[in-house]
Structures are given as structure tokens and as C-alpha cells.
Amino acid sequence: MSAHPHRTDGDGPRTGSGANPGRQVRAVRLGPRSVAALVLISAIGVMAFGWPLLADSASGLAHSKDAPWLFAALLPMLLAVVVATIADTGLDAKAIAMLGVLAAAGAAMRPLGAGTAGIEPMFFLMVLSGRVLGPGFGFVLGSVAMFASALLTGGVGPWMPFQMLTMGWVSMGAGLLPGPDRLRGRRELAVLAAYGAVSAVLYGLIMNLQGWPYIAGMASGVSFVPGDPLDQNLARYIAYCLATSLGWDLPRALVTVVLTCTLGGTVLKALRRATRRAAFDVPVSFTPDPPRGSASS
């Protein structure tokens, strides 16, 4: 008995490697459970990052010193549940193999800059991979690659689950960009470069929210003040970002744009060729082998 990946439509059978080469191939098909899990973890992530600005001044959360640690403990468990849910509903052996290769490549690219002056080529690969392989695969890839890179660089700490979630958003967002079946060439690279630049800056701004509450009292002009009105804390947060991270966020965006414009076309072709050959969306069927010794006509 032999396995043959094929599908049948109005034009007859087609192999996975030659069917609709312009169509976006999604390595992970998001079902209702996967979508619900992604929505849930994203909503909780917004709360985990934005609680200093979202909490009402009269609530106990706004004045709690335990809130950052609570979210840091909660997020890893929720991320594990989301990744397991997506894997259970959509990841097959081929997708897992592709995930391992790309996550290892992303993890290996991160120490090249080690965050120095915002030189982080990892963003370039995560954006392009999410674009080609779709939002579900992108979220898992971003989370797993950031986890692996943290182990590789020794960057394990309470900030790690926040980094995993944010990188998952970055890669997932690339898979949700419009025109996956029509946009090609320079226009696609321009869209991806623009998205990469914006997401690289937003990554820094979002991650700043994770550490900002810890510096309360360090400097009255930039630190979080529990219970203060939203506009005052927001002004302090903007000042904190300008003073501490903008020098890393802008170079990160520039590196992402340069790599996308120079290497993006080659990497996109390689990823699309690999996904076509893997035939993620083609079911495997088994056909019996002909009896031995039978004559073929």
C-alpha cells in the first residue's frame, strides 16, 4: 500500500506541489477551538500588558504590587494551552518539521545582534514566515522561536512569556495581511517592509509596558504611579519610552526593512517552494499496490 498526496476538483486530480502555485498555503488550519483560544489569550495578553493604564484608580488592581507577577505566572500556562490547542487541531508531522526548522533558525538569528542597538534580524524571518504560512502557524512559530531563543541566550525571566506572546502577535499579524494570493513582487515586499517596521516599533512599545510598573519611584517624570488618572500615567509612559527604548526600536525597524527589501524576495520564494512541496493542505490517501506478477496494460 502506498501513500499519495492528491486532491480532486473540477479539473481532475492534482498533486500538492503543482496545484494553484499562487494560492496561499496555510500550514495550520484554524478551527473554532483554535480561534477561540487565540482570541482568549490575546484578550488576556492585552490585560497583562495594559493593566497599569486600564485599571480603574479605585480598584485594588491599580494599587497591587502583585499584578505583574500574577500575569507573568498566568501567561506561560495560557500560552501552553493555546499552542497545544492549535497543535491538536491543525499541526501535522510536516507542519511540526517546518516549525522546528524555522524556530531554530529564528532562535539562532537572535544572538547575532543580542538586542544591541536594536539589531534583531529575527523579526525579518518571523514576518516573512507568518506571511507565507498563515496566522495560526505564525503565532505558534513566533512563540516557540522566542522561547527557544531565550533558552539559547539565557534570557529566561518573568519577561519571557510576554516576549513569546508579543512575537506571536507579530508573526500572526503578517499572516493576516491582505492580498496573500494576489500581491507579489515589489509591492508585496513594500507591504511586508512597512508592516515589519511598524511591528518592530510596536513590539518595543508593548514590551515596555511589561517592565514599566517595576520602576515605580525611580523617577517621578517617567514611572508608573498607582491610582493616578489615565492621562497622567500615559504621559509618563510615553516619556519613559522616549527616554529608554526608542534608540533600540527605530534601529530594529530599520534592520527589518533593509533585510526585507534585500533578502525578502529570495526568502519568500524559498518558503513558498517548501510549502508547496510539503503539500500541507493536501490530504494523504492510501491506494493498494497492484498484485505481484500481474500484467499491466
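This is a short tour of the structure, stop by stop. The model is a predicted one.

**Whole chain**

From the N terminus on, the order is β-β-α-α-α-α-α-α-α-α-α-β. Of the 297 residues, 47% are buried. Look at the contacts too: among those with a separation of 6 or more, 79% are between residues 24 or more positions apart.

**Aromatic pairs**

Next, show the aromatic side chains. How many aromatic pairs does a search of the whole structure find? The search finds four. Two of them are visited here.

Select Phe49 and Trp169. Their ring centres lie 6.0 Å apart and their planes meet at 50°, so this pair counts as tilted. The pair links distant parts of the chain, with Phe49 in helix 1 (residues 32-54) and Trp169 in helix 6 (residues 160-175), 120 residues apart. Phe49 is buried, with a relative accessible area of 3%. Trp169 is at 18%, so Trp169 is buried as well, since buried means under 20%.

Go on to Phe123 and Tyr203. Here the ring centres are 5.0 Å apart and the planes stand at 80°, so the pair is edge-to-face. This pair also links distant parts of the chain: Phe123 sits in helix 4 (residues 122-133) and Tyr203 in helix 7, 80 residues apart. Both Phe123 and Tyr203 are buried.

Ring pairs link Phe49, Phe162 and Trp169 into a cluster.

**Glu188**

Stay with helix 7, which spans residues 185-211, and select Glu188 on it. Is Glu188 buried or exposed? Glu188 has a relative accessible area of 2%, so Glu188 is buried. Which side chain makes a polar contact with the side chain of Glu188? Pick Arg131: the contact between the two side chains is 2.9 Å. Then show the neighbours. Leaving aside residues up to four places away in sequence, Glu188 touches Arg131, Leu183, Leu268 and Arg272.

**Nonpolar patch**

Select Leu230, Leu234, Ile238 and Leu242. Together these residues make a nonpolar surface patch of about 370 Å².

Methods. Residues numbered from 1 in each chain as written. Predicted model: local features only at pLDDT ≥ 70, side-chain atom pairs only at ≥ 80, totals over all residues. Heavy atoms only, no water. Patch = residues over 30% accessible without salt bridge, like charges linked within 9 Å, V, L, I, M, F, W, Y side chains within 5 Å. Areas by Shrake-Rupley, 256 points an atom, 1.4 Å probe, with all protein chains shown as cover. Salt bridge = Lys/Arg side-chain N within 4 Å of Asp/Glu carboxyl O. Helix = DSSP H or I, 4+ residues; strand = E, 2+ residues; numbered from the N terminus. Buried < 20%, exposed > 50% of the residue type's maximum accessible area, 1.4 Å probe, protein only. Polar contact = N/O pair within 3.5 Å; in protein donor to acceptor, adjacent residues only side chain to side chain. Contact = heavy atoms within 4.5 Å. Phe/Tyr/Trp six-rings, centres within 6.5 Å; stacked < 30°, edge-to-face > 60°.
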